[in-house]
Amino acid sequence: MCLVCVEMSREKVLYLPVRWLEPPLQDINSSIQPISLKFRKSIHGKPEVDWQHCDHCEPSPLHFNISHTSSLIACGVTMNSPIGIDVEAKQRTVKHNVLTLARRYFSEPELQVLAAIKDPHLQHQEFIKLWTLKEAYVKALGRGFSGAPFKTFTVRFGSGIGESPHLSRYSNTEASEISVDMFDDPSDLTSNWQFMLLELAGSHYAAICTEKDVTSEGNKSGPMKLTVRKTIPFVEDECVSGTEAVRVLCGF
């Protein structure tokens with residue numbers, strides 16, 4: 001999977017998604033030229049590649065998702081698995097009290113976790129993290145907020161589904177698993193999704209949700225493999241994986 005982070009200036013920036021889809025197409029030796037790609041929206045409004053039928057080629061199983069703030073655009077690209085991504089500024093302001101918003105949008109277990117945090121700054125940070133994870137999940141489902149309201153599921157952190165502590169308790173990312181409990185339909189394919197939560201450049205949180213790759217041997221999906229690139233349009237484009245610019249907070 002490739003994650004491209006584009007820094008935006010105050011001036012409007014036009015940076016087409018086809019540029020971000022080029023590396024995955026090259027990796028699979030695809031004969032498809034990025035400039036020929038067309039896009040459409042799913043029934044829930046999620047942008048996706050509109051693969052053109054061809055008698056001599058098969059469409060690439062490529063998926064992407066985009067999120068943005070006022071200063072950053074993030075685009076996640078995967079092969080063989082749907083993806084949802086959300087990016088939020090760590091210092092994002094909220095109009096109301098954090099717990100007021102949590103009562104309106106979050107599930108009761110998530111509200112209890114936030115209410116137990118007494119430090120206002122830490123409580124705000126945990127709220128933003130939860131929001132990005134929930135947003136990434138509904139976007140990966142392809143439904144969006146209206147099709148999968150946040151109150152219909154709970155994001156849990158820990159070594160098992162029974163735990164729901166806040167993320168800051170975990171310093172070892174390998175031990176901090178993220179899972180989802182559904183309220184309206186427990187049979188919904190919640191066990192088929194995996195998450196990763198990142199801190200970008202110390203200023204943003206990015207949450208990624210992808211469907212586990214069941215095409216791998218033994219039908220088991222390994223840890224999420226991630227390549228992160230930082231881009232300033234027409235100025236800079238570099239790989240920042242493994243640097244201080246990208247910090248994995250939670251995921252498997």
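**Cores, sheet and cysteines**

Mentor: Start with the largest nonpolar core, which has 33 residues; those with the most contacts inside it are Phe106, Leu114, Phe127, Leu133, Tyr137, Phe153 and Phe195. This is a predicted model, where local features need pLDDT of at least 70, side-chain atom pairs count only at pLDDT 80 or more, and totals for chains, interfaces and linings use all residues. Residues are numbered from 1 along each chain as its sequence is written, and side-chain values use heavy atoms, leaving out hydrogens and water.

Trainee: What is a nonpolar core?

Mentor: In soluble globular proteins, nonpolar side chains tend to be buried together. A core here is a set of buried Ala, Val, Leu, Ile, Met, Phe, Trp, Tyr and Cys residues joined through side-chain atoms within 4.5 Å. Buried means under 20% relative accessible area, exposed over 50%, and partly exposed in between (1.4 Å probe, protein chains only).

Trainee: In what order do the four strands form the open sheet?

Mentor: Strands of a sheet pair through backbone hydrogen bonds, either parallel or antiparallel. Two strands count as paired if DSSP finds at least two bridges between them. Here the order is β6-β10-β9-β13, with antiparallel pairing. At the edges sit β6 (83–89) and β13 (246–251), each pairing on one side only. Seven bridges join β6 to β10 (residues 204–211), and Val87 has Ala206 as its bridge partner in β10.

Trainee: How many disulfides are there?

Mentor: A disulfide is a covalent bond between the sulfur atoms of two cysteines. The search counts a pair of cysteine sulfur atoms within 2.5 Å, and it finds zero in the whole structure. For Cys5, the nearest cysteine sulfur is that of Cys2, 9.1 Å away. Cys5 counts as buried because its relative accessibility is 8%. Cys75 is in no disulfide either, with the sulfur of Cys2 nearest at 8.0 Å.

Conventions: Helices (H or I, at least four residues) and strands (E, at least two) are DSSP runs, numbered from the N terminus.
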